[in-house]
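Open the model in your viewer and keep the selection tool at hand. We will go stop by stop.

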Amino acid sequence: MPLNFNPPLLNSANPWATTREDLEALYDCPHTGAITTRTSILDGFKHDNAVHQYCFFRGRTQQIQTKSSDNDQVKLHRPSTEPISSLNTLGYSPMHISDYTEIIRDLLLARRDLPLKPVIFSVTGARREVADQWFHISNLVNELQKKHNISARVFVEVNLSCPNIVGKPPPAYSKSALLDYFKGFVELLKESGYPHFGIKTPPYTYQTQFDDLISALLEAFEIKNMCPIAFVTATNTLGNCLVLDPITTTPALNSSNGTGIGGLAGSALHPLAIGNVATLRRMLDAHDELKHIKIIGVGGVSDAAGYKRMRSVGASAVAVGTALGAEGVGVFERIWKGVEEKKAD
């Protein structure tokens, strides 16, 4: 089942897609074509307010707009002509994968008489843990089909890219780690065939990193003549970044580790994200075995112009993270109306 939807606009896996209320609001928004859950691990991630924080900032002066822990989410709820960026030291969702399958089951059943949007479950963990989560999601798909006659369009995004987990570098920076995951995907797909996998990649900053991803995909394909993934979400946050208060020059994030260093997202990441999408599209298209793979472009899109840039370099769909946190779900209406207005010009 291809990852196609309209409008080709959705949320990325982020803190504002954590709760039942978050996901219902995203799903019911008429300007999202699909939704993504926040990245989960099998048994939930232990959140600590003293460590896991985020802030928004604007402009070269790094004027800080708000800062908050994950459990005290403060949204700006107002659009601005000045692009917004964010920094976070967050980990994964405190919700279990079983929580998300229950939420999505209830959500789809309550809307079964309406056209159903695709749902992307974002998951992570070791290969075995990812497989266990995939089975949870596969069981949900089977239940909806056999018990309720609902053909849900469900996909699994494996996040191989979070920079904020101590002692665990993103697997997507290692060809051997990528290949190990891809072999696992192929084994699962051979067993059941659905739901399809995608991966979320970190920002790649030099050519060898792209080469390793493509090489791992091709090697995995050769094992059983099957491509292990249907899409790539590019990109996640850029690690080892620091935002300082413009007045005190102290870290904007007062995390207990004392550094304030975290993952950068939003407008400041946009040129790098655009470059990653463009390079991935070009390299995937160079191989018949891989050219079917879709790209979900994410990184700094907050308006119609950003959306159009992502699409112009090869993104099949565009995801929004930081701007969603800053404005709420209304950001999708603003972006899509801007897209439609430009079409009419």
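The tour below says what to select at each stop and what is there.

**Stop 1: confidence**

This is a predicted model. Colour the chain by pLDDT. The mean for the protein is 91, and 93% of the residues reach 70 or more. Now select residues 73–77. Here the pLDDT is below 50. The stretch still has 23 contacts in the model, beyond near neighbours in sequence. Where pLDDT is low, the predicted coordinates should not be read in detail.

**Stop 2: the eight-stranded sheet**

Switch to a cartoon view. Find the open sheet of eight strands, with parallel pairing. Its order is β1-β13-β12-β9-β8-β7-β6-β2. Which strands sit at the edges? They are β1 (9–11) and β2 (35–36), and each pairs on one side only.

Next, select β7 (residues 154–159) and β8 (residues 196–201). These two are parallel and share five bridges. Click on Val158, then look across to β8: the bridge partner there is Ile199.

Select α7 (residues 304–312). This helix packs on the sheet and touches β1, β12 (294–298) and β13 (317–320). The directions of α7 and β13 make an angle of about 135 degrees. Then select α9 (residues 330–344). Helix α9 also packs on the sheet, touching β1 and β13. Its direction makes about 160 degrees with that of β1.

**Stop 3: strand β3**

Select residues 53–58. This is strand β3, and six of its six residues are buried. In a regular strand the side chains alternate between the two faces of the sheet. Show the side chains and check each face in turn. Gln53, Cys55 and Phe57 lie on one side. Tyr54, Phe56 and Arg58 lie on the other. Both faces are covered.

What is the sense of its pairing with β3, parallel or antiparallel? The pairing is antiparallel, over five bridges.

**Stop 4: the nonpolar cores**

In soluble globular proteins, nonpolar side chains tend to be buried together. Here the largest nonpolar core has 83 residues. Select Phe121, Phe182, Phe185, Phe197, Ile229 and Val320. These touch the most other members of that core.

Zoom in on Phe182. Set aside its neighbours within four places in sequence. Phe182 is then in contact with Ile199, Leu213, Ala216, Leu217, Ala220, Pro228 and Ile229. There is also a second, separate core of 12 residues. Its members include Leu10, Phe155, Phe231 and Ile296.

**Stop 5: salt bridges**

How many salt bridges does the structure hold? There are 12. Start with Asp28 and Arg111. Their closest N and O atoms are 2.7 Å apart. Asp28 belongs to helix α1 (residues 20–28), while Arg111 is in the loop between α2 (97–110) and β6 (119–123), so this pair ties together parts 83 residues apart in sequence. Asp28 is partly exposed, at 45% relative accessibility. Arg111 is buried, at 14%.

Move on to Asp288 and Lys291. Their salt bridge spans 3.2 Å, N to O. Asp288 is exposed, with a relative accessible area of 63%. Lys291 is partly exposed, at 43%.

Now select Arg334 and Glu327. Here the closest N and O atoms are 2.5 Å apart. Arg334 is partly exposed, at 29% relative accessibility. Glu327 counts as buried, at 14%. For a network, select Arg20, Glu102 and Asp106. These are joined by salt bridges that share partners.

**Last stop: Thr235**

Select Thr235. Look for it in the loop between β9 (231–234) and β10 (238–241). Is Thr235 buried or exposed? It is buried, because its relative accessibility is 3% and the cut-off for buried is under 20%.

Show its contacts, leaving aside neighbours within four places in sequence. Thr235 is in contact with Lys200, Thr201, Pro202, Pro203, Leu269, Ala273, Asn276 and Val298. Finally, draw a line from the C-alpha atom of Thr235 to that of Lys343. The two residues are 108 residues apart along the chain, and these atoms are separated by 27 Å.

Terms used:
Residues are numbered from 1 along each chain as its sequence is written. This is a predicted model: local features need pLDDT of at least 70, side-chain atom pairs count only at pLDDT 80 or more; totals for chains, interfaces and linings use all residues. Side-chain values use heavy atoms; hydrogens and water are left out. A salt bridge is a side-chain nitrogen of Lys or Arg within 4 Å of a carboxyl oxygen of Asp or Glu. Helices (H or I, at least four residues) and strands (E, at least two) are DSSP runs, numbered from the N terminus. Buried means under 20% relative accessible area, exposed over 50%, partly exposed in between (1.4 Å probe, protein chains only). Two strands pair if DSSP finds at least two bridges between them. A nonpolar core is a set of buried Ala, Val, Leu, Ile, Met, Phe, Trp, Tyr and Cys residues joined through side-chain atoms within 4.5 Å. Contact means heavy atoms within 4.5 Å. pLDDT is the predictor's confidence in each residue, from 0 to 100. Axes are lines fitted to C-alpha atoms, for helices over the stretch in contact, and angles run from 0 to 180 degrees between N-to-C directions.
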